[in-house]
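Welcome! Take a moment to look over the chain, and then let's walk through it together, topic by topic.

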Amino acid sequence: MSIQYRSPIHAQPPSISLDKLGASLSFACALHCAFQPVLLIALPFLGLGFLMNEQVETVFLGFSVLLASWSILTGIRHHGQTQALPLLVLAALAIFSSRFIEAYEPLLAITGALGIVAAHLYNTYLHKRHHQH
């Protein structure tokens, strides 16, 4: 009886793990934007007031877009489907616009974050569909 070694690298492609992480972080970002008025009051009392800093928000949003880009592009190389890419591009444009259009910042940031969540979830779906065939 021989035992076959299966590398953990081949057990689950990195794009799935990145999609789970990215979708979770992007959803947290959308919640942060949606509840910003409450958080402006509550976070300083919890010692987390720095999370309301615009530079921290910009870095967090940028990281979300970069993580989503890496995940989607890794997924495209794996499953060969590009359908999640337009979702990501539109979400990234909404997020980028939110940094410059102050009047619509919350709406654009929430829309962009939820768009990134959708792109991650769709990329996961494409991956699973690829392995069913």
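Helices (H or I, at least four residues) and strands (E, at least two) are DSSP runs, numbered from the N terminus. What you are looking at is a predicted model, in which local features need pLDDT of at least 70 and side-chain atom pairs count only at pLDDT 80 or more, while totals for chains, interfaces and linings use all residues. Residues are numbered from 1 along each chain as its sequence is written, and side-chain values use heavy atoms, with hydrogens and water left out.

**The overall fold**

- The chain has 6 helices and 0 strands, and from the N terminus its elements read α-α-α-α-α-α.
- Of the 133 residues in the chain, 36% are buried; buried means under 20% relative accessible area, exposed means over 50%, and partly exposed is in between (1.4 Å probe, protein chains only).
- Among the contacts in the chain with a separation of 6 or more, 71% join residues 24 or more positions apart, where contact means heavy atoms within 4.5 Å.
- The chain has an accessible surface of about 8500 Å², and carbon and sulfur atoms hold 71% of that surface. Such areas come from the Shrake-Rupley method with a 1.4 Å probe, and for residues only the protein chains shown count as cover.

**The nonpolar core**

- Which residues touch the most other members of the largest nonpolar core? They are Cys29, Ile72, Leu88, Ile95 and Ile116, in a core of 17 residues.
- The elements giving two or more residues to this core are α2 (14-34), α4, α5 (84-98) and α6.
- A nonpolar core is a set of buried Ala, Val, Leu, Ile, Met, Phe, Trp, Tyr and Cys residues joined through side-chain atoms within 4.5 Å.
- Leaving out neighbours within four places in sequence, Ile72 is in contact with Ala84, Leu85, Leu88, Ala119, His120 and Asn123.

- Side chains of opposite charge can pair when their charged atoms come close. A salt bridge is a side-chain nitrogen of Lys or Arg within 4 Å of a carboxyl oxygen of Asp or Glu, and the structure holds 3 of them.
- Arg99 pairs with Glu54, their closest N and O atoms being 3.8 Å apart. Arg99 sits in the loop between α5 and α6 and Glu54 in helix α4, so this pair ties together parts that are 45 residues apart in sequence.
- Glu57 also forms a salt bridge with Arg99, with 3.7 Å between the closest N and O atoms. This pair links distant parts of the chain, as Glu57 is in helix α4 and Arg99 is in the loop between α5 and α6, 42 residues apart.
- Arg99 and Glu105 meet in a salt bridge too, at 3.5 Å from N to O.
- Together, Glu54, Glu57, Arg99 and Glu105 are linked in a network of salt bridges.
- Buried or partly exposed? Glu57 and Arg99 are buried, and Glu105 is buried as well, whereas Glu54 is partly exposed at 43% relative accessibility.

**Aromatic pairs**

- Rings of Phe, Tyr and Trp (its six-membered ring) pair if their centres lie within 6.5 Å; planes under 30 degrees apart count as stacked, over 60 as edge-to-face and the rest as tilted. By this rule there are 2 aromatic pairs.
- Tyr122 and Tyr125 are 3 residues apart in helix α6 (residues 105-132), which means about one helical turn separates them.
- Tyr122 is partly exposed at 29% relative accessible area, and Tyr125 is partly exposed at 43%.

- Leu40, Ile41, Phe45, Leu46, Leu48, Phe50, Leu51 and Val56 make a nonpolar surface patch of about 820 Å².
- Patches are made of residues with over 30% relative accessible area and no salt bridge: like charges are joined within 9 Å, and nonpolar side chains (Val, Leu, Ile, Met, Phe, Trp, Tyr) within 5 Å.
- Helix α3 (residues 36-45) gives the largest share of the patch, 3 residues, while Phe50 lies in the loop between α3 and α4 (54-79).

- Ser64 lies in helix α4 and counts as buried, at 4% relative accessibility. Not counting residues up to four places away in sequence, Ser64 touches Ser26 and Ile116.
- Pro106 is partly exposed, with a relative accessible area of 38%. The C-alpha atoms of Pro106 and Ala34 are separated by 7.1 Å, although these residues are 72 residues apart along the chain.
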